[in-house]
Amino acid sequence: MEPRKKELEIVQHTQMNFLEIFLLEMVSRQPHGHEDLEIGLILDGDIRLYLDSDSFLLKPGDIYIINRYQVHALSATGRKSLVLAFQMDTEFYRRMNPSLERVRIESNIIHSGALHKTLHDDLMSCALCYFQGADNYELRCASIMLDALYHLLSSAHCHRTSESEQRTAQSNSARLNRITDFIADHYTQKISLQDIADREQISVFHASHFIHKMLGISFQDYLNNKRFEHAYRLIRTSKADFNILDICLETGFSSSRYLNQMFEKKLGCTVKEYLHSEKEPVLISPSLPADNYERKYEFEKAREKLIGFPDLIS
């Protein structure tokens with residue numbers, strides 16, 4: 001059986017059909033949902049996790065759980081952060097009990113305690129086994145992750161959703177992915193909420209309500225965030241040689257006035273003031289990330305990096 005196409009198509013070395021493990025240097029990940037259950041362990045740096053209508057600041061050692069079709073986004077709060085992530089296809093565990101595919105874990109963040117220690121050790125052991133690739137490592141990895149799932153479902157607050165709730169979550173996740181992907185592909189152009197509504201064959205009111213419900217902000221605010229993040233990254237990397245009008249054209253801002261308004265809103269200064277500042281301004285308040293900026297470690301590099309974290313293994 002060939003591994004199916006994943007929402008995160010970044011792991012290509014695995015021979016395991018239902019489990020993928022990857023090491024990411026994370027800067028930001030736009031809101032999205034996928035059909036896999038995801039468990040992540042923060043190895044280095046601080047990360048803000050946006051989950052449904054809440055946000056959580058995660059520190060090294062913290063563990064997060066993302067349910068199937070649960071909308072989430074990630075953003076490093078400072079320097080680049082390192083995340084060890086596990087994605088499990090529902091087929092990995094549903095054959096033992098079909099109702100497990102509808103389990104929803106409410107304890108999404110685990111900072112400490114007995115469950116944290118158990119999961120922490122299991123995740124690190126599974127990752128090392130996976131990247132070392134010894135004989136029959138697939139069986140060992142599956143055994144460890146099933147044990148981790150058993151402890152998670154036995155100790156964390158969770159419940160089983162109805163089939164109707166599951167279908168709604170799946171539909172909402174798929175629609176949001178289409179919308180955010182469309183914005184990512186066209187934000188440098190003039191796009192409107194009407195474009196979204198037409199593509200989804202719904203009313204403008206319905207499109208507006210859906211985006212605000214799923215993201216917690218309006219379509220225009222999300223679009224402006226996307227344009228600002230691109231402009232900010234361009235200006236940061238080309239302070240000595242750039243034209244502000246060229247930046248506007250490349251990022252979708254209709255004029256330098258709107259670009260300056262976003263800089264003042266996000267950084268408390270204009271673009272010109274930013275260029276002449278001696279210290280890097282701090283973002284006034286965290287905002288929902290609207291960009292994908294991450295680097296996946298190659299197989300050998302991931303193994304070397306994990307071996308560099310022996311203190312994380314009991």
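Arg 94 is partly exposed, with a relative accessible area of 23% (buried is under 20%, exposed over 50% and partly exposed in between, with a 1.4 Å probe and protein chains only). The model is predicted: local features need pLDDT of at least 70 and side-chain atom pairs count only at pLDDT 80 or more, whereas totals for chains, interfaces and linings use all residues. Residues are numbered from 1 along each chain as its sequence is written, and side-chain values use heavy atoms, with hydrogens and water left out.

The side chain of Arg 94 meets that of Glu 101 in a salt bridge, at 3.2 Å from N to O (a salt bridge is a side-chain nitrogen of Lys or Arg within 4 Å of a carboxyl oxygen of Asp or Glu). Glu 101 is partly exposed, at 23% relative accessible area. Glu 101 also forms a salt bridge with Arg 68, where the closest N and O atoms are 3.9 Å apart. This second pair links distant parts of the chain, 33 residues apart: Arg 68 is in the loop between strand 5 and strand 6, and Glu 101 in the loop between helix 1 and strand 8 (helices, H or I of at least four residues, and strands, E of at least two, are DSSP runs numbered from the N terminus). Arg 68 counts as buried, at 10% relative accessibility. A network of salt bridges links Arg 68, Glu 91, Arg 94, Arg 95 and Glu 101. The structure holds 15 salt bridges.

Another salt bridge joins Arg 233 and Asp 291, with the closest N and O atoms 2.7 Å apart. Arg 233 lies in helix 7 and Asp 291 in the loop between helix 10 (271–275) and strand 11 (293–296), so the pair ties together parts that are 58 residues apart in sequence. Arg 233 is partly exposed, at 24%, whereas Asp 291 is buried, at 14%.

Two arginines are buried without a salt bridge. For Arg 102, the nearest side chain of opposite charge is Glu 163, 4.7 Å away (Lys and Arg count as positive, Asp and Glu as negative, and His and the chain ends are not counted). Arg 102 lies in the loop between helix 1 (91–94) and strand 8, and a polar atom of the Arg 102 side chain is 2.4 Å from the backbone oxygen of Thr 161. For Arg 227, in helix 7, the nearest side chain of opposite charge is Asp 195, at 8.7 Å. The side chain of Arg 227 reaches the backbone oxygen of Tyr 187 at 2.8 Å.

A search of the whole structure finds 2 cavities of 30 Å³ or more. On a 1 Å grid over the protein atoms alone, a cavity is a set of points where a 1.4 Å probe fits but cannot get out, and a pocket is an open set with protein on both sides within 12 Å along at least five of seven lines; lining residues have an atom within 4 Å of a point. The largest cavity has a volume of about 90 Å³ (the space filled by probe spheres set on the points, which are joined across faces, edges and corners). Its lining includes Arg 68, Tyr 93, Glu 101 and Val 103, and strand 8 and helix 3 (137–155) each supply at least two of the lining residues. By class, the lining of the largest cavity has 7 nonpolar, 1 polar and 2 charged residues (Ala, Val, Leu, Ile, Met, Phe, Trp, Tyr, Cys and Pro count as nonpolar, Asp, Glu, Lys and Arg as charged, and the others, Gly among them, as polar).

The largest pocket has a volume of about 820 Å³. Of its 27 lining residues, Ser 75, Ala 76, Tyr 232, Arg 236 and Leu 283 lie nearest the centre. Helix 7 provides the largest share of this lining, 7 residues. The lining of the largest pocket comprises 11 nonpolar, 8 polar and 8 charged residues.

The second largest pocket has a volume of about 370 Å³. It is lined by 20 residues, of which Asp 52, Tyr 69, Gln 70, Arg 104 and Ala 169 lie nearest its centre. Helix 4 gives the most to this lining, with 6 residues. Tyr 69 is in the loop between strand 5 (63–66) and strand 6 and is buried, at 10% relative accessible area. Although Tyr 69 is not a glycine, its phi is positive, at about 65 degrees. Arg 104 and Cys 158 are 54 residues apart in sequence and 5.5 Å apart in space, C-alpha to C-alpha.

Conventions:
A polar contact is a pair of N or O atoms within 3.5 Å; within protein, one must be able to donate a hydrogen and the other to accept it, and residues adjacent in sequence count only if both atoms are side-chain atoms.
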